[in-house]
Amino acid sequence: MIKQKPKVAFYWCASCGGCEETVVDLNAAILDVADAVDIVLWPVALDFKYHHIEALKDGDIAVSFINGAIRTNEQAHISKLLRQKSGLVVAFGSCAHTGGIPGLANLTSREEIFRTSFHESPTVVNASGTVPQEDSLADGMPVRLPAFWEEVHTLDQWIDVDYYIPGCPPPPALVLSAVTAILEGKLPEKGSVLAPAKALCDTCPRRKTKSENTKITKIHRPHEIIADPEICFLEQGIICCGPATRSGCGEVCINGNMPCTGCFGPPPGVIDQGAKLISAISSLFNAKTKEEAMEMARQVVDPAGTFHRYTVPSSLLGCRIHKKAAMPADGRMDREAA
């Protein structure tokens, strides 16, 4: 009797597609993975239909890797379906984990996004003022598009998630390590982030150049100066998110002489990565008065994009228009998928 391989699914929600690139970047190792599992859903690479998943028994899929935040009712519906059909669900990448860059949309509204995207953007030519409609006709045939929600949500605000692989995108080595642990049944406690439980500053190759009394007198954006590739970015007045970001990325950005932007999310014990970063960075300001501190703060050109770049939906900010009445006790949205 031929032993069945474990079934694996990949699904892409609101994200840029970089997480899918990471899977491809496994290079030759992907052949070992493909040989060890039976991929039953991977829309970006293989032709599967949703009814193929609906036909499976509950729990028949060993693990589903879901990347991207939840923005539309289609994403919510398929995520819920994969949860039903899967033994394990892994939030794959920073968008699924903490909301990611799409989550910055929670600081504005659906109406403002549509106005910018389809009317005011300098590259848009839309004399008729057409905007996407959920229901319309094309050549007399009805067409239905997914509903674009007012808010962006993390995956675990919609379904139960077993594990998290952080990063924008997750590095291939981390993904391969996680896949190996899953296949060998060597997983940590449910709910764990499958990355080291340290802050990036603890593993940064420049950590020895950061003094205990660092003081920032002027904040520079990375493009404004040529950073010394050997010295801590904070010592040079460049905001680096290492103090409140989980390690495990291999310091790819640091080694490329770019500061950490925080894509691995908060380290253990930090509730709000952005708030922690604001606290950590502001403590380094060379300011003796409130006015001097405010002047330093004004040098941060984009505070939300700097400190909450990947975490707005999972932060204390949540969203600008936050409907608490719709949030049940376990924090997951109680919204019906179409």
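Predicted model: local features only at pLDDT ≥ 70, side-chain atom pairs only at ≥ 80, totals over all residues.
I began at helix H10, where Asp272 caps the N-terminal end: a side-chain oxygen lies 3.0 Å from the backbone nitrogen of Gly274. I count a polar contact as a pair of N or O atoms within 3.5 Å; within protein, one must be able to donate a hydrogen and the other to accept it, and residues adjacent in sequence count only if both atoms are side-chain atoms. Helices (H or I, at least four residues) and strands (E, at least two) are DSSP runs, numbered from the N terminus.

Residues are numbered from 1 along each chain as its sequence is written, and side-chain values use heavy atoms, with hydrogens and water left out.

Which residues of H10 (273–282) are buried? I found Gln273, Gly274, Leu277 and Ile281. They sit on the same side of H10, because they cover an arc of only 95 degrees around the axis; the arc is that of the directions from the helix axis to the C-beta atoms. Buried here means under 20% relative accessible area, exposed over 50%, partly exposed in between (1.4 Å probe, protein chains only).

Thr306 has its place in helix H12 (residues 303–307). Its side chain reaches the backbone oxygen of Asp302 at 2.6 Å. Leaving out residues up to four places away in sequence, Thr306 touches Ile239, Cys241 and Val300, where contact means heavy atoms within 4.5 Å.

Then I looked at two loops. Ser247 is in the loop between helix H8 (200–203) and helix H9 (252–255). Is Ser247 buried or exposed? Ser247 counts as buried because its relative accessibility is 1%. Beyond four places in sequence, its contacts include Ala195, Pro196, Leu200 and Phe264.

Gly103 lies in the loop between helix H5 (94–98) and helix H6 (110–120). With a relative accessible area of 0%, Gly103 is buried too. Again setting aside residues up to four places away, Gly103 touches Val152, Val312 and Pro313.

Last, I checked the geometry of helix H4 (residues 73–85). Its 13 residues reach 18 Å from first C-alpha to last, close to the 18 Å expected at 1.5 Å a residue; the expected span is 1.5 Å times one less than the number of residues. Among the buried residues of H4 I noted Ile78, Leu81, Leu82 and Arg83.
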